[in-house]
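I opened the model today and kept notes as I went. My entries follow the structure.

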Amino acid sequence: SDHQLTYPVSPESMDWSSYYPAFVSTPPGSAVEDSNAATDGVRKLSQDVEVADIGCGFGGLLVALAPKLPNTLLLGMEIRTQVTEYVQDRIKALRAQNADTGLYQNAACLRANTMKFLPNFFKKHQLSKIFLCFPDPHFKARKHKARIVSTTLNSEYAYVVRPGGIIYTITDVEDLHNWMVQHFDSHPSFARVPEDEQEADECVSVMRTETEEGKKVERNKGPKFVALFRRLEDPEW
Ligand code: SAM
(Lines give C-alpha, C1' and ligand atoms only; values in the text may rest on other atoms or scores of the structure.)
Protein backbone atom coordinates (compact mmCIF):
# COMPACT_ATOMS: atom_id res chain seq x y z
CA SER A 1 0.00 0.00 0.00
CA ASP A 2 1.16 3.56 -0.66
CA HIS A 3 -0.93 5.35 1.95
CA GLN A 4 2.10 6.50 3.90
CA LEU A 5 3.82 7.97 0.85
CA THR A 6 4.40 11.69 0.92
CA TYR A 7 4.59 13.98 -2.09
CA PRO A 8 5.81 17.53 -2.57
CA VAL A 9 2.88 19.92 -2.96
CA SER A 10 4.63 21.33 -6.05
CA PRO A 11 7.94 20.81 -7.93
CA GLU A 12 9.24 24.06 -6.40
CA SER A 13 8.77 22.70 -2.90
CA MET A 14 10.61 19.43 -3.63
CA ASP A 15 13.93 19.41 -1.76
CA TRP A 16 16.40 17.52 -3.97
CA SER A 17 19.48 18.48 -1.97
CA SER A 18 19.77 15.20 -0.08
CA TYR A 19 19.40 13.23 -3.33
CA TYR A 20 22.07 15.11 -5.28
CA PRO A 21 24.30 16.77 -2.65
CA ALA A 22 27.10 17.38 -5.16
CA PHE A 23 24.73 19.48 -7.28
CA VAL A 24 23.49 21.81 -4.54
CA SER A 25 24.18 25.32 -5.79
CA THR A 26 24.27 26.86 -2.35
CA PRO A 27 26.87 25.19 -0.12
CA PRO A 28 25.89 24.68 3.53
CA GLY A 29 26.53 27.69 5.71
CA SER A 30 26.84 30.16 2.83
CA ALA A 31 25.01 33.45 3.01
CA VAL A 32 23.01 32.45 -0.09
CA GLU A 33 21.91 29.27 1.58
CA ASP A 34 20.79 31.14 4.66
CA SER A 35 18.77 33.56 2.58
CA ASN A 36 17.25 30.71 0.54
CA ALA A 37 16.37 28.84 3.69
CA ALA A 38 14.79 31.98 5.05
CA THR A 39 12.47 32.29 2.06
CA ASP A 40 11.27 28.75 1.36
CA GLY A 41 13.57 26.38 3.29
CA VAL A 42 14.45 24.47 0.09
CA ARG A 43 18.06 24.26 -1.01
CA LYS A 44 18.27 24.61 -4.76
CA LEU A 45 20.23 22.49 -7.20
CA SER A 46 22.38 24.01 -9.94
CA GLN A 47 20.27 22.08 -12.49
CA ASP A 48 17.02 20.12 -12.70
CA VAL A 49 16.44 16.37 -12.86
CA GLU A 50 16.05 15.54 -16.55
CA VAL A 51 15.75 11.78 -16.81
CA ALA A 52 13.25 9.58 -14.95
CA ASP A 53 13.31 5.78 -14.79
CA ILE A 54 9.78 4.86 -13.81
CA GLY A 55 9.52 1.59 -11.85
CA CYS A 56 13.31 1.42 -11.79
CA GLY A 57 13.45 -1.86 -9.85
CA PHE A 58 17.00 -2.65 -8.70
CA GLY A 59 18.55 0.27 -10.58
CA GLY A 60 20.52 -1.48 -13.34
CA LEU A 61 19.59 1.12 -15.96
CA LEU A 62 20.35 4.03 -13.61
CA VAL A 63 23.83 2.89 -12.68
CA ALA A 64 24.65 2.02 -16.30
CA LEU A 65 23.45 5.40 -17.62
CA ALA A 66 24.92 7.59 -14.86
CA PRO A 67 28.55 7.46 -16.07
CA LYS A 68 27.41 7.83 -19.70
CA LEU A 69 25.46 11.04 -18.92
CA PRO A 70 27.65 12.54 -16.16
CA ASN A 71 26.22 16.05 -16.54
CA THR A 72 22.57 14.99 -16.42
CA LEU A 73 20.58 14.28 -13.26
CA LEU A 74 18.87 10.88 -13.39
CA LEU A 75 16.11 9.76 -11.04
CA GLY A 76 14.81 6.24 -10.42
CA MET A 77 11.26 6.10 -9.08
CA GLU A 78 10.17 2.89 -7.40
CA ILE A 79 7.11 1.99 -5.35
CA ARG A 80 8.61 -0.84 -3.24
CA THR A 81 10.28 0.44 -0.07
CA GLN A 82 12.99 -2.21 0.22
CA VAL A 83 13.84 -2.05 -3.45
CA THR A 84 14.14 1.75 -3.24
CA GLU A 85 16.45 1.41 -0.24
CA TYR A 86 18.53 -1.18 -2.08
CA VAL A 87 19.03 1.22 -5.01
CA GLN A 88 19.85 4.09 -2.65
CA ASP A 89 22.51 1.94 -0.93
CA ARG A 90 23.84 0.81 -4.29
CA ILE A 91 24.29 4.42 -5.41
CA LYS A 92 25.84 5.41 -2.08
CA ALA A 93 28.43 2.64 -2.42
CA LEU A 94 29.23 3.59 -6.04
CA ARG A 95 29.65 7.23 -5.04
CA ALA A 96 32.07 6.24 -2.28
CA GLN A 97 34.05 3.94 -4.61
CA ASN A 98 34.28 6.71 -7.22
CA ALA A 99 34.90 9.66 -4.91
CA ASP A 100 37.99 10.61 -6.95
CA THR A 101 36.02 11.12 -10.17
CA GLY A 102 32.68 12.23 -8.73
CA LEU A 103 30.82 9.66 -10.83
CA TYR A 104 27.32 8.55 -9.75
CA GLN A 105 26.60 11.85 -7.97
CA ASN A 106 24.08 12.41 -10.77
CA ALA A 107 21.94 9.34 -9.97
CA ALA A 108 19.35 8.97 -7.21
CA CYS A 109 16.27 6.94 -6.35
CA LEU A 110 13.12 7.87 -4.49
CA ARG A 111 10.06 5.97 -3.42
CA ALA A 112 6.93 7.05 -5.24
CA ASN A 113 3.82 5.73 -6.85
CA THR A 114 4.35 7.33 -10.25
CA MET A 115 0.73 6.72 -11.20
CA LYS A 116 -0.10 9.48 -8.74
CA PHE A 117 1.28 13.01 -8.56
CA LEU A 118 4.02 12.82 -11.22
CA PRO A 119 3.46 16.57 -11.90
CA ASN A 120 4.10 17.23 -8.19
CA PHE A 121 7.72 16.21 -8.73
CA PHE A 122 8.42 17.70 -12.17
CA LYS A 123 7.62 21.03 -13.75
CA LYS A 124 6.07 21.28 -17.19
CA HIS A 125 8.61 20.16 -19.83
CA GLN A 126 11.32 19.49 -17.24
CA LEU A 127 12.29 16.02 -18.46
CA SER A 128 14.17 15.06 -21.62
CA LYS A 129 13.75 11.30 -21.21
CA ILE A 130 11.43 8.88 -19.43
CA PHE A 131 12.21 5.15 -19.29
CA LEU A 132 9.44 2.58 -18.89
CA CYS A 133 11.45 -0.64 -18.75
CA PHE A 134 9.66 -3.95 -18.40
CA PRO A 135 6.62 -2.49 -16.65
CA ASP A 136 4.39 -4.95 -14.80
CA PRO A 137 2.16 -6.46 -17.53
CA HIS A 138 -1.11 -6.80 -15.55
CA PHE A 139 -2.35 -9.45 -17.98
CA LYS A 140 -6.02 -9.64 -17.00
CA ALA A 141 -8.33 -7.17 -18.70
CA ARG A 142 -9.78 -5.99 -15.40
CA LYS A 143 -6.20 -5.16 -14.30
CA HIS A 144 -5.38 -3.08 -17.37
CA LYS A 145 -6.16 0.10 -15.45
CA ALA A 146 -3.09 -0.64 -13.32
CA ARG A 147 -0.81 -0.40 -16.38
CA ILE A 148 1.56 2.57 -16.30
CA VAL A 149 0.72 3.43 -19.89
CA SER A 150 -2.79 4.76 -20.46
CA THR A 151 -4.43 7.74 -22.13
CA THR A 152 -4.50 9.65 -18.83
CA LEU A 153 -0.94 8.82 -17.78
CA ASN A 154 0.36 9.58 -21.27
CA SER A 155 -1.01 13.09 -20.87
CA GLU A 156 0.97 13.38 -17.63
CA TYR A 157 4.10 12.16 -19.42
CA ALA A 158 3.40 14.72 -22.16
CA TYR A 159 3.18 17.44 -19.53
CA VAL A 160 6.50 16.66 -17.81
CA VAL A 161 8.50 15.82 -20.97
CA ARG A 162 9.69 18.65 -23.19
CA PRO A 163 9.00 18.76 -26.93
CA GLY A 164 11.78 16.74 -28.58
CA GLY A 165 12.13 14.54 -25.47
CA ILE A 166 11.81 10.76 -25.70
CA ILE A 167 9.78 8.07 -23.91
CA TYR A 168 11.63 4.74 -24.00
CA THR A 169 9.67 1.50 -23.63
CA ILE A 170 10.79 -2.14 -23.52
CA THR A 171 8.91 -5.31 -22.56
CA ASP A 172 9.02 -9.04 -23.17
CA VAL A 173 5.21 -9.20 -23.28
CA GLU A 174 4.02 -8.67 -26.84
CA ASP A 175 0.47 -7.79 -25.79
CA LEU A 176 1.79 -5.04 -23.49
CA HIS A 177 4.10 -3.78 -26.25
CA ASN A 178 1.12 -3.47 -28.61
CA TRP A 179 -0.86 -1.76 -25.86
CA MET A 180 1.90 0.82 -25.26
CA VAL A 181 2.37 1.46 -29.00
CA GLN A 182 -1.37 1.87 -29.49
CA HIS A 183 -1.73 4.31 -26.57
CA PHE A 184 1.26 6.48 -27.51
CA ASP A 185 0.47 6.39 -31.25
CA SER A 186 -3.07 7.57 -30.63
CA HIS A 187 -1.94 10.38 -28.30
CA PRO A 188 -1.58 13.74 -30.11
CA SER A 189 1.60 14.65 -28.18
CA PHE A 190 3.66 11.64 -29.29
CA ALA A 191 5.02 10.07 -32.48
CA ARG A 192 6.91 6.78 -32.78
CA VAL A 193 10.65 7.14 -33.37
CA PRO A 194 11.68 5.32 -36.59
CA GLU A 195 13.62 2.09 -36.11
CA ASP A 196 16.93 3.30 -37.58
CA GLU A 197 16.96 6.22 -35.17
CA GLN A 198 15.89 3.94 -32.32
CA GLU A 199 18.73 1.51 -32.96
CA ALA A 200 21.27 4.36 -33.17
CA ASP A 201 20.32 5.60 -29.68
CA GLU A 202 22.84 4.30 -27.13
CA CYS A 203 20.21 4.30 -24.38
CA VAL A 204 18.40 1.52 -26.25
CA SER A 205 21.22 -0.99 -25.89
CA VAL A 206 21.60 -0.03 -22.21
CA MET A 207 17.88 -0.67 -21.73
CA ARG A 208 18.14 -4.08 -23.45
CA THR A 209 21.22 -5.32 -21.61
CA GLU A 210 21.62 -3.48 -18.30
CA THR A 211 18.16 -3.64 -16.72
CA GLU A 212 17.69 -6.55 -14.31
CA GLU A 213 14.61 -7.66 -16.26
CA GLY A 214 16.50 -7.39 -19.54
CA LYS A 215 19.16 -9.73 -18.14
CA LYS A 216 16.51 -12.19 -16.93
CA VAL A 217 14.80 -12.26 -20.33
CA GLU A 218 18.23 -12.79 -21.93
CA ARG A 219 18.90 -15.83 -19.71
CA ASN A 220 15.49 -17.27 -20.62
CA LYS A 221 16.08 -16.43 -24.31
CA GLY A 222 12.84 -14.46 -24.36
CA PRO A 223 11.86 -11.68 -26.79
CA LYS A 224 12.40 -7.96 -26.14
CA PHE A 225 10.05 -5.48 -27.78
CA VAL A 226 11.31 -1.90 -27.91
CA ALA A 227 9.44 1.28 -28.87
CA LEU A 228 10.44 4.93 -28.52
CA PHE A 229 8.13 7.92 -28.77
CA ARG A 230 9.08 11.53 -29.36
CA ARG A 231 7.26 14.29 -27.51
CA LEU A 232 5.93 16.57 -30.27
CA GLU A 233 5.67 20.35 -30.19
CA ASP A 234 2.33 21.55 -28.91
CA PRO A 235 0.12 22.84 -31.72
CA GLU A 236 -0.23 26.61 -31.94
CA TRP A 237 -3.72 27.81 -31.24
N1 SAM B 1 12.60 -1.39 -14.70
C2 SAM B 1 13.19 -2.50 -13.95
C3 SAM B 1 13.87 -3.45 -14.88
O4 SAM B 1 13.66 -3.33 -16.10
O5 SAM B 1 14.66 -4.30 -14.43
C6 SAM B 1 12.14 -3.20 -13.07
C7 SAM B 1 11.00 -3.86 -13.80
S8 SAM B 1 9.83 -4.63 -12.69
C9 SAM B 1 9.06 -5.86 -13.65
C10 SAM B 1 8.58 -3.36 -12.51
C11 SAM B 1 8.90 -2.41 -11.37
O12 SAM B 1 7.97 -1.34 -11.35
C13 SAM B 1 8.84 -3.06 -10.01
O14 SAM B 1 10.05 -2.83 -9.32
C15 SAM B 1 7.64 -2.39 -9.34
O16 SAM B 1 7.76 -2.32 -7.94
C17 SAM B 1 7.64 -1.04 -10.00
N18 SAM B 1 6.34 -0.34 -10.02
C19 SAM B 1 5.15 -0.87 -10.34
N20 SAM B 1 4.18 0.05 -10.27
C21 SAM B 1 4.78 1.21 -9.89
C22 SAM B 1 4.31 2.53 -9.64
N23 SAM B 1 3.01 2.83 -9.76
N24 SAM B 1 5.19 3.49 -9.26
C25 SAM B 1 6.50 3.17 -9.14
N26 SAM B 1 7.02 1.95 -9.38
C27 SAM B 1 6.17 0.98 -9.74
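**Entry one: cysteine 133**

I started with the contacts of Cys133, leaving aside neighbours within four places in sequence. Cysteine 133 is in contact with Asp53, Leu61, Ile170, Met207, Thr211 and Glu213. I count a contact when two C-beta atoms, placed from the backbone, lie within 7 Å.

This is a predicted model, in which local features need pLDDT of at least 70, side-chain atom pairs count only at pLDDT 80 or more, and totals for chains, interfaces and linings use all residues. Residues are numbered from 1 along each chain as its sequence is written.

Next I placed the residue. Cysteine 133 lies in strand S4, residues 127-133. Strands (E, at least two residues) and helices (H or I, at least four) are DSSP runs, numbered from the N terminus.

Is cysteine 133 buried or exposed? It counts as buried, because it has 24 C-beta neighbours inside 10 Å. My cut-offs, with C-beta atoms placed from the backbone, are 20 or more other C-beta atoms within 10 Å for buried, 12 or fewer for exposed, and partly exposed in between.

I then looked up which residues surround the ligand. Of the 20 residues around it, Gly55, Gly57, Cys133, Thr211 and Glu213 come nearest. Near means a C-beta atom, placed from the backbone, within 6 Å of the molecule or strand. S2 and helix H9 (212-219) are the elements that give two or more residues to this shell.

I sorted the shell by class. It has 9 nonpolar, 6 polar and 5 charged residues. Nonpolar covers Ala, Val, Leu, Ile, Met, Phe, Trp, Tyr, Cys and Pro; charged covers Asp, Glu, Lys and Arg; the others, Gly among them, are polar.

I checked UniProt. Its unreviewed entry lists residues for "binding site", including Gly55, Ile79, Cys133, Thr211 and Glu213. The positions use the numbering here, feature names are shortened, and annotations may be inferred rather than shown by experiment.

I followed up isoleucine 79. It lies in the loop between strand S2 (73-78) and helix H3 (81-97). Isoleucine 79 counts as partly exposed, because it has 19 C-beta neighbours inside 10 Å.

The protein has 9 helices and 7 strands. Buried residues make up 30% of its 237 residues. The C-alpha trace spans about 55 × 50 × 40 Å along its principal axes.

The average pLDDT, the predictor's confidence in each residue from 0 to 100, is 93, and 92% of the residues score at least 70. The model scores ipTM 0.99 and pTM 0.94.
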